[in-house]
Amino acid sequence: AVVSTQSTGGDEIAPKPAKRARINPADSSNRQRVIIDFCNNAIDEVDELAKQVMECQHLNVRVAEQPFQLQFVNPSGELQSRLKASGFGAWGCQAMSADVSSLSDLFPVQDIVYLCPDSENVISELDESKVYVIGGFTNQGENGVKRAGGYSHARLPVEEGDNIGMVEMFQIIMHCREIGNMEEAVKFVFHPPRSK
């Protein structure tokens, strides 16, 4: 996806993604599956979670060159209400599943990879056979591996100690799919190129 970068007084501002015509993920050539799982989010995070969900969905259907097979699981009733009030249903092409007791009910265990900031496994590229799970909690903390609940886990190649949220994780995955290099995707998100 083409992006524009703005700067003011020499200070760099994160790039503003360029919109394109909306593509239904069902018609996308990108078959990579990405799950955002809300099973561990706290009730007082609902407003921020709703904003992040809408941003991820916008990035997927209006910015990514080819949308991911993005699914949201285990949203609370309050979160679903906030999203509906924000027009989530109007997008019409993203899946949301409530009351999923285990991700293995949806996908083979061997396909699931939980993205955790404290995992010792560093992911360098995307594997289309895998289902990448982003924890739907806004503070990714140091208990990601524990929250992964026994599934395979990995972390993005960010600097140790960096605390990245749902939207940043999705942006990195999106850019990796488009440029084919996870480390370059991280640089693009955290150190966007200056406009000429």
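Biologist: Leaving aside neighbours within four places in sequence, with which residues is Ile179 in contact?
Modeller: This is a predicted model, and in it Ile179 is found in helix α5. Once the neighbours within four places in sequence are left aside, the residues in contact with Ile179 are Glu184 and Ala185.

Biologist: Is Ile179 buried, partly exposed or exposed?
Modeller: The relative accessible area of Ile179 is 47%. Buried requires a value under 20% and exposed a value over 50%, with partly exposed in between, so Ile179 counts as partly exposed.

Biologist: How are α1 and α5 oriented to each other?
Modeller: The axes of α1 and α5, the latter covering residues 166-179, come within 9 Å and cross at roughly 15°, in a crossing that is right-handed. Angles under 35 degrees count as roughly parallel, and α1 and α5 are therefore roughly parallel to each other.

Biologist: Which residues make the contact of α1 with α5, and how many of them are nonpolar, polar and charged?
Modeller: On the α1 side the contact is made by Leu49, Gln52, Val53, Glu55, Cys56, Leu59, Asn60 and Val63, and on the α5 side by Met166, Val167, Phe170, Gln171, Met174 and Glu178. These residues divide into nine nonpolar, three polar and two charged.

Biologist: What span does helix α1 reach, and what span is expected?
Modeller: Helix α1 runs over residues 46-63 and has 18 residues. At 1.5 Å a residue the expected span is 26 Å, and the distance from its first C-alpha to its last is close to that, at 25 Å.

Biologist: At what angle do the axes of α1 and α2 cross, and which residues meet?
Modeller: The crossing of α1 and α2 is right-handed, and the two helices are oblique to each other. Val46, Asp47, Leu49, Ala50, Val53 and Met54 in α1 meet Glu78, Leu79, Arg82 and Leu83 in α2, a contact whose residues divide into seven nonpolar, no polar and three charged. The axes of α1 and α2, which covers residues 77-85, come within 9 Å, and their crossing angle is roughly 55°.

Biologist: What is the phi of Asn74, and where does this residue lie?
Modeller: Most residues other than glycine have a negative phi. Asn74 is not a glycine, yet its phi is positive, about 60°. Asn74 is buried, with a relative accessible area of 16%, and its place is the loop between β6 and α2.

Biologist: How far apart are the C-alpha atoms of Gln71 and Ser97?
Modeller: Gln71 lies in strand β6, residues 69-73, and is buried, with a relative accessible area of 16%. Gln71 and Ser97 are 26 residues apart along the chain, and their C-alpha atoms are separated by 7.7 Å.

Biologist: How far apart in space are Leu70 and Gln32?
Modeller: Leu70 is also found in strand β6 and is buried, with a relative accessible area of 4%. Leu70 and Gln32 are 38 residues apart in sequence, and C-alpha to C-alpha they are 8.3 Å apart.

Biologist: Among contacts between residues at least 6 apart in sequence, how many join residues at least 24 apart?
Modeller: The protein has six helices and ten strands, and 45% of its 196 residues count as buried. Among the contacts between residues at least 6 apart, the share that joins residues at least 24 apart is 76%.

Definitions and conventions
Residues numbered from 1 in each chain as written. Predicted model: local features only at pLDDT ≥ 70, side-chain atom pairs only at ≥ 80, totals over all residues. Heavy atoms only, no water. Helix = DSSP H or I, 4+ residues; strand = E, 2+ residues; numbered from the N terminus. Expected span 1.5 Å × (residues − 1). Axes fitted to C-alpha atoms, helices over the stretch in contact; angles between N-to-C directions. Parallel < 35°, antiparallel > 145°, perpendicular 65-115°, else oblique. Left-handed = near helix turned anticlockwise from the far one by under 90°. Contact = heavy atoms within 4.5 Å. Nonpolar A, V, L, I, M, F, W, Y, C, P; charged D, E, K, R; others polar. Buried < 20%, exposed > 50% of the residue type's maximum accessible area, 1.4 Å probe, protein only.
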